[in-house]
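The following note was prepared for a colleague who is meeting this structure for the first time. Please read it with the sequence and the model at hand.

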Amino acid sequence: MDKIERYAEILDSAALHARATPQLTHTDPDLSVADAYLVQKLSVDRRLSRGERRIGVKMGLTSRAKMLQVGVDEVAWGRLTDAMLLEEGASMSRARFVHPRVEPEVAFLMKAPLSGKVTAMEALAAVEAIAPAMEIIDSRYENFKFALSDVIADNTSSSGLVIGQWNDPAKDFSNLGVILEIDGHVIEVGSTAAILGHPLRSLVAAARLVAEGGEEISAGDIVMAGGITAAPNLAPGQTVRTTIQGLGSVMFQVE
Ligand code: 0L1
Ligand code: MG
């Protein structure tokens, strides 16, 4: 088994058993971003071989608040599977995660493929709908600490997503107010503009980065645009809600 396969197995197993693992770069400080994406692909392939289905991609570290929170300042992408989808209003089991956090996000539903270098207008033309959404992230690394290569190998901490009502993408979603509430208390506020200045820029970047990885965004895919605010920790008993001005609300519970 080569190093890439070994790392993929370590991270997949850490996610499967909700057990933290040491950062790969502690013992392999030269792990490259290119190799980290290979680890990510192999670890997600292990999920697919267990019957999970690819449903789209996510962008990570697309806002200043996120970059500051984790100390990594480059955008990255990850792969989403159907097992990560949580029904709107449903409960997630805290026990299935290592140390989960939540991010308010915007989700895109694609109606046409998107690949390589595209303009914002081309990206928008490929969007069927946009929705308020939340991502549940869960680093598989001890203490939620990582370098860029670590987090890419760990599928950019992807572990869950919940999507609210789909809206017409013709409305201006460049700078909409965002509120993240836990148990009715406002924990974070922000704007969709926190995502690279406009969420569409995240979709443009996704098309390019995913193509560099030899894949494309397909019709029917969900694309998560990236966290808008810092991501608070989740604990059992919480009710978590994100509201985006003009797009609606989305919520889930933690048990
Ligand atoms: O924006 C994000 O989805 C974050 C991805 C990876 C960094 C983290 O785990 O906070
Ligand atoms: Mg995210």
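This is a predicted model: local features need pLDDT of at least 70, side-chain atom pairs count only at pLDDT 80 or more; totals for chains, interfaces and linings use all residues.

1. Five strands make up an open sheet, in the order 3-11-10-7-8, and their pairing is mixed. Strand 3 (91–92) and strand 8 (185–191) are at the edges; each has a single partner strand, so one side of each has no neighbour in the sheet. As a general point, strands of a sheet pair through backbone hydrogen bonds, in either the parallel or the antiparallel sense.

2. Strand 11 and its partners. Strand 3 and strand 11 (residues 248–254) run parallel and are joined by two bridges. Within this pairing, Ser 91 is placed opposite Gln 253 of strand 11. Strand 10 (residues 239–244) runs antiparallel to strand 11, and six bridges connect them. Here Thr 239 has Gln 253 as its bridge partner in strand 11. Strands 10 and 11 form a hairpin with three residues between them, and Gly 246 in the turn has a positive phi of about 80 degrees.

3. A second pairing, between strands 1 and 2. Strand 1 (residues 54–60) pairs with strand 2 in the antiparallel sense, over six bridges. The bridge partner of Gly 60 in strand 2 is Ala 76. Strand 2 (residues 76–81) is mostly covered, with six of its six residues buried. In a regular strand, side chains alternate between the two faces of the sheet. In strand 2, Ala 76, Gly 78 and Leu 80 point one way while Trp 77, Arg 79 and Thr 81 point the other way, and all are buried.

4. The ligand site. Which residues come nearest to ligand 1? Of the 15 residues around ligand 1, these are Lys 58, Lys 66, Glu 103, Glu 135 and Ser 157. A polar side-chain atom of Ser 157 is 2.6 Å from an oxygen atom of ligand 1. An N or O atom in the side chain of Glu 135 lies 3.0 Å from an oxygen atom of the ligand. The backbone also takes part in the contacts, with a polar backbone atom of Leu 61 lying 3.0 Å from an oxygen atom of ligand 1. Ligand 1 exposes 300 Å² when taken alone, and the protein buries 100% of that.

5. Two residues with positive phi. Ser 157, which contacts ligand 1 through its side chain, has a phi near 65 degrees, a positive value in a residue other than glycine. Ser 157 sits in the loop between helix 6 (148–153) and strand 6 (158–163), and counts as buried because its relative accessibility is 4%. Leu 196 is also a residue other than glycine with a positive phi, near 55 degrees. Leu 196 is located in the loop between strand 8 and helix 7 (199–212), and its relative accessible area of 29% makes it partly exposed.

6. A nonpolar surface patch. Ile 179, Val 186 and Val 189 make a nonpolar surface patch of about 250 Å². Ile 179 belongs to strand 7 (residues 177–182) and is partly exposed, at a relative accessible area of 33%. Val 189 is in strand 8 and counts as exposed, at 58% relative accessibility. From C-alpha to C-alpha, Val 189 is 9.6 Å from Thr 242 in space, although the two are 53 residues apart in sequence.

7. Salt bridges. How many salt bridges does a search of the whole structure find? The search gives 11. One of them joins the side chains of Lys 3 and Asp 28 (3.0 Å, N to O). Lys 3 is in helix 1 (residues 3–16) and Asp 28 in the loop between helix 2 (24–27) and helix 3 (33–49), so the pair ties together parts 25 residues apart in sequence. In another, the closest N and O atoms of Asp 12 and Arg 46 are 3.0 Å apart. This pair links distant parts of the chain, with Asp 12 in helix 1 and Arg 46 in helix 3, 34 residues apart. Asp 12 is buried, at 4% relative accessible area, whereas Arg 46 counts as partly exposed at 31%.

8. A salt bridge inside one helix. The side chains of Arg 208 and Glu 212 meet at 3.8 Å, N to O, in a salt bridge. Both residues lie in helix 7, four residues apart, which is about one turn of the helix.

Terms used
Residues are numbered from 1 along each chain as its sequence is written. Chains are lettered from A and ligands numbered from 1 in the order in which they are written. Side-chain values use heavy atoms; hydrogens and water are left out. Patches are made of residues with over 30% relative accessible area and no salt bridge: like charges are joined within 9 Å, nonpolar side chains (Val, Leu, Ile, Met, Phe, Trp, Tyr) within 5 Å. Accessible areas come from the Shrake-Rupley method with a 1.4 Å probe; for residues, only the protein chains shown count as cover. A salt bridge is a side-chain nitrogen of Lys or Arg within 4 Å of a carboxyl oxygen of Asp or Glu. Buried means under 20% relative accessible area, exposed over 50%, partly exposed in between (1.4 Å probe, protein chains only). Two strands pair if DSSP finds at least two bridges between them. A residue is near a molecule or strand if one of its heavy atoms lies within 4 Å of it. A polar contact is a pair of N or O atoms within 3.5 Å; within protein, one must be able to donate a hydrogen and the other to accept it, and residues adjacent in sequence count only if both atoms are side-chain atoms.
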